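Work through the exercises below with the sequence and the model in view. Each task is followed by a solution in steps.

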Amino acid sequence: MGLYDRFYDEDSKCPKCNAKIKTEWQTEQFECLLESWKKGDFVQYHKWELIPEKERKKLYGDMKLGPSSRRTNQYLSDAPLLLNGKVPVRISCKKCKSSLEAYAKVVAGKFMGIIEIEADGEEKEFVIFRPETTAKSLRKEFANRLSHLQESCEHENTKWMNIE
Ligand SMILES: [Zn+2]
């Protein structure tokens with residue numbers, strides 16, 4: 001049994017028997033640190049911290065095998081594991097036992113949902129969306145901002161001239 005990272009999409013369904021998939025989709029694409037992402041989550045690992053001894057005692061008493069670290073709200077990096085692309089995921093349907101292959105869609109570093117679900121299909125390949133798409137939208141946004149700047153400059157100019 002291996003370790004996985006997981007994606008959860010409450011709306012995903014088995015294409016064969018139409019059962020809702022209530023378990024988490026598994027992927028081995030990244031570091032397999034048992035991270036779990038829901039829709040809208042930033043696709044990056046959380047930092048872990050050691051639980052201070054005092055708190056640990058309060059939580060778990062003298063339990064020797066109690067956890068010694070916990071997940072924090074901070075991420076390991078400001079950059080997502082993947083900016084735009086599709087991460088191969090799989091699970092087996094609890095109802096009809098089909099093995100399901102699908103993609104976790106990532107847009108702008110956020111998990112958007114499970115797509116392209118196939119029963120008994122081939123294992124899917126990792127897809128990174130072409131960076132040009134991103135560059136193009138960035139340029140567009142920049143051009144937008146520039147034009148706003150120019151507008152506000154012109155505005156200042158008019159005011160200045162009025163004062164004179
Ligand atoms: Zn099924």
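A residue is buried if 20 or more other C-beta atoms lie within 10 Å of its own, exposed if 12 or fewer do, and partly exposed in between, with C-beta atoms placed from the backbone. Helices (H or I, at least four residues) and strands (E, at least two) are DSSP runs, numbered from the N terminus. The model is predicted: local features need pLDDT of at least 70, side-chain atom pairs count only at pLDDT 80 or more, and totals for chains, interfaces and linings use all residues. Residue numbers start from 1 along each chain as its sequence is written.

**Exercise 1. The overall layout**

Find how many helices and strands the protein chain has, and their order.

Solution. Step one: the protein chain has two helices and nine strands. Step two: along the sequence they follow the pattern β-β-β-β-α-β-β-β-β-β-α. Step three: of the 164 residues in the protein chain, 17% are buried.

**Exercise 2. Strand β4 and helix α1**

Determine how many residues of strand β4 are buried, and how many of helix α1.

Solution. Step one: β4 covers residues 46-50, and the count of buried residues among these five is zero, so the strand is hardly covered. Step two: find its partner, where two strands pair if DSSP finds at least two bridges between them. β4 pairs with strand β5 (residues 69-75) in the antiparallel sense over four bridges, and W48 stands opposite R71 in β5. Step three: helix α1 (residues 53-60) lies largely in the open, because the number buried among its eight residues is zero. G61 follows α1 and has a positive phi, near 60°.

**Exercise 3. A loop residue**

Where does L33 lie, and which residues is it in contact with beyond its neighbours within four places in sequence?

Solution. Step one: L33 is in the loop between β2 (25-27) and β3 (36-38). Step two: L33 counts as partly exposed because it has 13 C-beta neighbours inside 10 Å. Step three: two residues are in contact if their C-beta atoms, placed from the backbone, lie within 7 Å. Leaving aside neighbours within four places in sequence, L33 is in contact with D5 and Y45. Step four: L3 is 30 residues from L33 along the chain, and their C-alpha atoms are separated by 7.1 Å.

**Exercise 4. The largest nonpolar core**

Solution. Step one: a nonpolar core is a set of buried Ala, Val, Leu, Ile, Met, Phe, Trp, Tyr and Cys residues joined through C-beta atoms within 7 Å. Step two: the largest one has 20 residues, and those with the most contacts inside it are F7, W25, V89, A102, A104 and I114. Step three: β6 (85-92), β7 (99-107) and β8 (110-119) each give two or more residues. The largest share, five residues, comes from β7. Step four: beyond four places in sequence, the contacts of V89 include F7, W25, A102, A104 and I114.
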